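Colleague: I would like to learn how to read a ligand site and its surroundings in a model. Could we go through one feature at a time?

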Amino acid sequence: MEHNITLIPGDGIGPEVISAAVKVIENSGVCINWEIVRMGAEVIEEFNTPIPSYVLESIKKNKVALKGPVTTPVGMGFKSVNVTLRQELNLYANIRPIKTFQGVTSRYENVDLIIVRENSEDLYAGIEHMITEDIAESIKIISKKASDRIVEYAFKIAKEQNRKQVIAVHKANIMKLSDGLFLRCARNIATMHSEIDFGDVIVDAMSMKLVMNPEKYDVLVMPNLYGDILSDMAAGLIGGLGLVPGANIGEEGAVFEPAHGSAPDIAGTNIANPTACILSAVMMLRYIGEAEAADKIEKAVEAVLKEGKYLTCDLGGTTGTQEFAEAVIDKMGK
Ligand code: NAI
């Protein structure tokens with residue numbers, strides 16, 4: 001079967017890690033027609049927006065996209081293209097699996113957790129204004145609809161993956177109305193899934209617990225901002241951002257992208273670790289029903305990391321981005 005999929009190379013290290021992932025997919029036996037679309041700073045001059053309408057149209061038509069990271073300028077200019085894309089396409093669930101890899105030196109041995117981040121509201125709703133020249137206000141939106149939906153999704157993943165526990169992360173002791181609503185929704189949804197353990201932990205305590213005993217956690221569900229921060233922190237538990245894939249899922253489509261950003265500090269040097277992007281492609285292949293190819297690629301990535309002969313800079317090796325992809329392809333053939 002042939003699949004039509006939107007491909008967004010992004011900027012910074014985006015094109016490098018995307019090209020590595022595409023190469024691996026093309027060698028897995030899956031047949032994909034890529035519709036390549038450009039977005040971000042590079043198209044602003046031409047279209048007067050970082051997200052030209054063809055980007056949304058392409059994803060709406062194909063329902064699935066593989067995306068490289070896109071730079072968001074800090075403190076000025078256009079709203080984040082990543083946040084806009086997720087909001088425009090209603091990609092309400094951001095999923096980031098954090099798993100230890102054999103062969104990768106990290107502080108922990110048995111981490112295997114999933115961060116389920118609400119992707120459509122919270123402080124990322126982008127409602128900000130200056131009250132006076134010296135006071136800025138940013139509004140945090142938490143709704144019952146979005147909270148129910150994301151917690152329900154966390155339980156769905158827990159069941160699909162035979163996981164035992166879901167924990168809601170919040171700060172309801174201080175934000176009694178907004179996070180209080182999120183927590184009430186989580187507790188209520190949990191009563192409908194009594195076969196799975198449920199608990200809740202305040203976000204600051206959760207940060208400490210994750211750093212001390214990450215292997216104790218399974219599925220964590222939380223509002224947008226906490227998910228953004230804790231997923232980068234959790235990446236540090238297993239060896240860094242180059243290893244964490246991600247998916248943005250909605251009712252009518254999905255965009256798969258690594259958890260990391262455009263890494264301008266190493267862009268254009270062929271040293272970025274493409275593992276996160278290749279594993280995002282693995283999540284995408286499972287989503288489109290190509291589980292066999294997904295398993296084959298995932299096993300090959302794990303084997304290359306375990307062998308330790310071809311590791312990128314971030315993991316203490318000297319292998320380039322494209323050469324890592326070739327090592328994965330080589331393993332797939334065996
Ligand atoms: P970043 O994730 O790009 O980089 C943080 C650090 O991790 C850097 O030292 C970088 O070199 C390293 N790193 C990241 N990915 C790596 C990889 N695959 N291999 C090896 N090392 C890697 O985060 P930063 O610097 O905060 O953000 C840069 C830009 O990316 C910003 O404009 C930000 O808004 C954007 N961004 C975009 C995202 C997206 O498109 N989904 C997600 C996160 C950030």
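Predicted model: local features only at pLDDT ≥ 70, side-chain atom pairs only at ≥ 80, totals over all residues.

Colleague: Which backbone supplies a polar atom to an oxygen atom of the ligand, and at what distance?

Modeller: A pair of N or O atoms is counted as a polar contact within 3.5 Å. Here a polar backbone atom of threonine 72 is 2.8 Å from a ligand oxygen.

Colleague: Which polar side-chain atom lies 3.3 Å from a nitrogen atom of the ligand?

Modeller: That atom belongs to histidine 260.

Colleague: How many residues surround the ligand, and of what classes are they?

Modeller: The ligand is surrounded by 22 residues, and the closest are Val70, Thr72, Gly261, Ala263 and Asp265. The shell divides into 9 nonpolar, 8 polar and 5 charged residues.

Colleague: Back to histidine 260. Where is histidine 260 placed, and is the residue buried or exposed?

Modeller: Histidine 260 sits in the loop between β12 (254-256) and α9 (275-287). A residue counts as buried under 20% relative accessible area. Histidine 260 has 8% relative accessibility, so it counts as buried.

Colleague: What is histidine 260 in contact with, leaving aside neighbours within four places in sequence?

Modeller: Its contacts are Ile13, Val17, Pro69, Leu241, Gly242, Asn273 and Ala276. Ala276 is also one of the buried residues of α9.

Colleague: How should I read α9 itself?

Modeller: Look at span, then at cover. The 13 residues of α9 reach 18 Å from first C-alpha to last, close to the 18 Å expected at 1.5 Å a residue. As for cover, 11 of the 13 residues are buried, including Cys277, Leu279, Val282 and Met284.

Colleague: What follows α9?

Modeller: Glycine 289 follows α9, with a positive phi near 85 degrees.

Colleague: One more case, serine 178. In which helix does serine 178 lie, and why does serine 178 count as buried?

Modeller: Serine 178 lies in α6, residues 178-190. Serine 178 counts as buried because its relative accessibility is 15%. Not counting residues up to four places away in sequence, serine 178 touches Lys140 and Ile142.

Key: Residues numbered from 1 in each chain as written. Heavy atoms only, no water. Near = heavy atom within 4 Å. Polar contact = N/O pair within 3.5 Å; in protein donor to acceptor, adjacent residues only side chain to side chain. Nonpolar A, V, L, I, M, F, W, Y, C, P; charged D, E, K, R; others polar. Helix = DSSP H or I, 4+ residues; strand = E, 2+ residues; numbered from the N terminus. Buried < 20%, exposed > 50% of the residue type's maximum accessible area, 1.4 Å probe, protein only. Contact = heavy atoms within 4.5 Å. Expected span 1.5 Å × (residues − 1).
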